[in-house]
Amino acid sequence: LIGIAGDAASTLSFIDQDGGSLEVESVAIGGEGRQAGKAFASASGEGLGDVLVRASATGGNGSAAGGAGAVGSVGSVYGESEAGGLVRVEGEVIGGNGSTTDRFGIAPGGGDGGDAFLRDAVQGRTTGRLELVQRAIGGDAGGFGRGGSGGSAGAATNLLSRAVSVA
């Protein structure tokens, strides 16, 4: 019997005062199970040169017949260059995949894919070039065996609105 999977959380923050380029990456992946594990990630990085900050959260996959994929979520993702370097900030959420029914179609239908939702998660500051990237990918629907039914694919919503001011 497959049970409850573990949740995952990753938070990373770094301030580099030595100069040069800085890369900060925070990744969380939920566990696989009848009840899939959720995932949460956030990251921030500040430096003098070019700065790349990335946070990615992937919900766990459903693994027993009818098991739904879990959601991932991203908190704040922030990058800053104090010397005007390139700043690239990426936030990504991927919903877990739904499980497939057994080959005999006896178990419930395929599991639903996990949803993915992002709203204004990425932000940055520099006097140079600023790149803000968000990705939301819904989980795949679970398939079905003989006589079963498939699950529904996870929904993906990605909303980003930022205002830029130059002094």
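At 17% relative accessibility, Ser10 counts as buried; here that word means under 20% relative accessible area, with exposed meaning over 50% and partly exposed anything in between (1.4 Å probe, protein chains only). The model is predicted, so to speak of local features takes a pLDDT of at least 70 and side-chain atom pairs count only at pLDDT 80 or more, while totals for chains, interfaces and linings use all residues. Residues are numbered from 1 along each chain as its sequence is written, and side-chain values use heavy atoms, with hydrogens and water left out.

Let's stay with Ser10 for a moment. Ser10 sits in strand β1, which covers residues 8-15. Strands (E, at least two residues) and helices (H or I, at least four) are DSSP runs, numbered from the N terminus. The side chain of Ser10 makes a polar contact with the side chain of Ser26, at 2.7 Å. A polar contact is a pair of N or O atoms within 3.5 Å; within protein, one must be able to donate a hydrogen and the other to accept it, and residues adjacent in sequence count only if both atoms are side-chain atoms. Once neighbours within four places in sequence are set aside, Ser10 is in contact (heavy atoms within 4.5 Å) with Ser26, Val27, Ala28, Phe40, Ala41 and Ser42.

**The whole protein**

Stepping back, what is the protein built from? It has zero helices and 10 strands. The C-alpha atoms fill a box of roughly 65 × 25 × 15 Å along the principal axes. Of the 167 residues, 44% are buried. Among contacts between residues at least 6 apart in sequence, 73% join residues at least 24 apart. The accessible surface comes to about 8600 Å², and 49% of that belongs to carbon and sulfur atoms; the area comes from the Shrake-Rupley method with a 1.4 Å probe, and for residues only the protein chains shown count as cover.

Is β6 mostly enclosed or mostly open? Six of its eight residues are buried, so β6 is largely enclosed by the rest of the structure.

**The nonpolar core**

Which residues of the largest nonpolar core touch the most other members? Of its 21 residues, Val53, Ala55, Val74 and Val77 do. A nonpolar core is a set of buried Ala, Val, Leu, Ile, Met, Phe, Trp, Tyr and Cys residues joined through side-chain atoms within 4.5 Å. The elements giving two or more residues to this core are β2, β3 (39-47), β4, β5 (72-81), β6 and β7. β4 gives the largest share, four residues. Ala55 also touches, among others, Ser26, Ala41, Val74, Val77 and Gly91, not counting residues up to four places away in sequence.

**A few residues to look up**

| Residue | Relative accessibility | Class |
|---|---|---|
| Ser10 | 17% | buried |
| Ser99 | 4% | buried |
| Ala136 | 18% | buried |
| Glu46 | 23% | partly exposed |

Ser99 lies in the loop between β6 (87-94) and β7 (116-119). A polar atom of the Ser99 side chain is 2.8 Å from the backbone nitrogen of Gly67. Leaving aside neighbours within four places in sequence, the contacts of Ser99 include Ser63, Ala64, Gly67, Gly110 and Gly142.

Glu46 belongs to strand β3. Its C-alpha atom is separated by 9.5 Å from that of Glu23, 23 residues apart along the chain. Beyond residues up to four places away, Glu46 touches Phe14, Ile15, Asp16, Leu22, Tyr78, Glu80 and Glu82.

Ala136 is in strand β9. Ala136 and Gly72 are 64 residues apart in sequence and 9.6 Å apart in space, C-alpha to C-alpha. Setting aside residues up to four places away in sequence, Ala136 touches Val93, Ala116, Leu118, Ala156, Thr157 and Asn158.
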